[in-house]
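Please consider the sequence and the three-dimensional model shown below.

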Amino acid sequence: MNQSILEVRHLRTLVALRDSGSLVRAAQLLNLTQSALSHQIKLLEDRYGQPLFERKSVPPQFTAVGERLLALADAMLPQVEGAERDIARLVLGQGGQMRIAVECHTCFDWLMPAMDAFRTRWPEVELDIVSGFHADPVGLLHQGRADVAIVSEVDADEAGVDYHALFGFEIRALLANTHPLVANSHLVAQDFADQTIITYPVPDEMLDLIRQVLEPAGVRPPRRTTELTVAMLQLVASGRGVAALPLWAVQSYLDRGYVTARPIGSNGLRGELHAACLPSLSAKPYLQDFVQVTRETSFVTLKGVELL
């Protein structure tokens, strides 16, 4: 019997292709070049003499050969990953805690599913969210009141803190369906000059629209604030103002035609999220796995997300 060429990396490639829906996104998910990923797939197809999926279908439609390899991956990869976690527990100990502080109101849309996935992998790690909104979640790390802070940017001047990149995303302007600005292909800073901006009740420097677009252009429109995303969208839909939110946070409302979204700037406005922690926690296997699970879960399930 011929020796198998199958490796764990091949199985992970097929799963990434299925879960992400395209070669480009699968390569990003695995942190590979598209060329390297394509080479892996061609190696398997040459070995078995059959294509693994239909090249012209989006998302990929796997052939019988591809489906059989996916079934193997679904059976084998959880055992491999579980064994690696067990070894980490044996070597470095099992227990731990992660108290997570957030600075963004929309974090819970993606954080909860990531936390649920993490709990099944590390049930012995105590996982919790530090209650309340925090304008300076990194400060809580130094005070011993939180273990992980979810932040929108890396502060290079912040000593004694490690940053782990999670994902980037597009921020869209949200308008009432009958708003005159709907006619524009995208919005620029001056379009906001005579609008009421509806935001969360946070400082200006924490809002990408103001920090990246309006302030540099000297545009200072009036603001109205609300704690709840759904309340913000209701105000937008009723013509009380305009807002700017991550595409993934409002996609369900856009799918229902509740409001209309437009890009901000000719190249779009983008935001980022990072997990910050003290260096002592960075070395823990469960922290590394939390970052990986969060990246993968968000990339696969959220609209318009790109890995950093």
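**A guided reading of the model**

Proline 59 lies in the loop that joins strand 1 (53-54) to strand 2 (61-62). The model discussed here is a predicted one. Within it, the peptide bond leading from valine 58 into proline 59 is cis, and its omega is near 0°.

Asparagine 31 is not a glycine, yet its phi is positive, at about 60°. This asparagine 31 sits in the loop between helix 2 and helix 3. Is asparagine 31 buried or exposed? Its relative accessibility is 69%, and because residues over 50% count as exposed, asparagine 31 is placed in that class.

A packed pair of helices is described by the angle between the axes and by the distance separating them. For helix 2 (residues 23-30) and helix 3 (residues 34-48), the angle is about 105° and the axes are 9 Å apart. Helix 2 is therefore roughly perpendicular to helix 3, since angles from 65 to 115 degrees fall in that category. On the helix 2 side, the contact is formed by Leu23, Val24, Ala26, Ala27 and Leu30, which meet Gln34, Leu37, Ser38 and Ile41 of helix 3. Seven of the residues in this contact are nonpolar, two are polar and none is charged.

The largest pocket has a volume of about 870 Å³. It is lined by 25 residues, of which Arg12, Glu81, Arg121, Gln292 and Glu296 are the closest to its centre. Helix 1 (8-20), helix 2, helix 4 (64-92), helix 5 (108-121) and helix 11 (285-301) each contribute at least two residues to the lining. Which helix gives the most to the lining of the largest pocket? Helix 4 does, with eight residues. By class, the lining comprises 13 nonpolar, two polar and ten charged residues.

After helix 8 comes glycine 239, with a positive phi near 80°.

How values were computed. Residues are numbered from 1 along each chain as its sequence is written. This is a predicted model: local features need pLDDT of at least 70, side-chain atom pairs count only at pLDDT 80 or more; totals for chains, interfaces and linings use all residues. Side-chain values use heavy atoms; hydrogens and water are left out. Axes are lines fitted to C-alpha atoms, for helices over the stretch in contact, and angles run from 0 to 180 degrees between N-to-C directions. Helices (H or I, at least four residues) and strands (E, at least two) are DSSP runs, numbered from the N terminus. Angles under 35 degrees count as roughly parallel, over 145 as roughly antiparallel, 65 to 115 as roughly perpendicular and the rest as oblique. Contact means heavy atoms within 4.5 Å. Ala, Val, Leu, Ile, Met, Phe, Trp, Tyr, Cys and Pro count as nonpolar, Asp, Glu, Lys and Arg as charged, and the others, Gly among them, as polar. On a 1 Å grid over the protein atoms alone, a cavity is a set of points where a 1.4 Å probe fits but cannot get out, and a pocket is an open set with protein on both sides within 12 Å along at least five of seven lines; lining residues have an atom within 4 Å of a point. Grid points are joined across faces, edges and corners, and a volume is the space filled by probe spheres set on the points. Buried means under 20% relative accessible area, exposed over 50%, partly exposed in between (1.4 Å probe, protein chains only).
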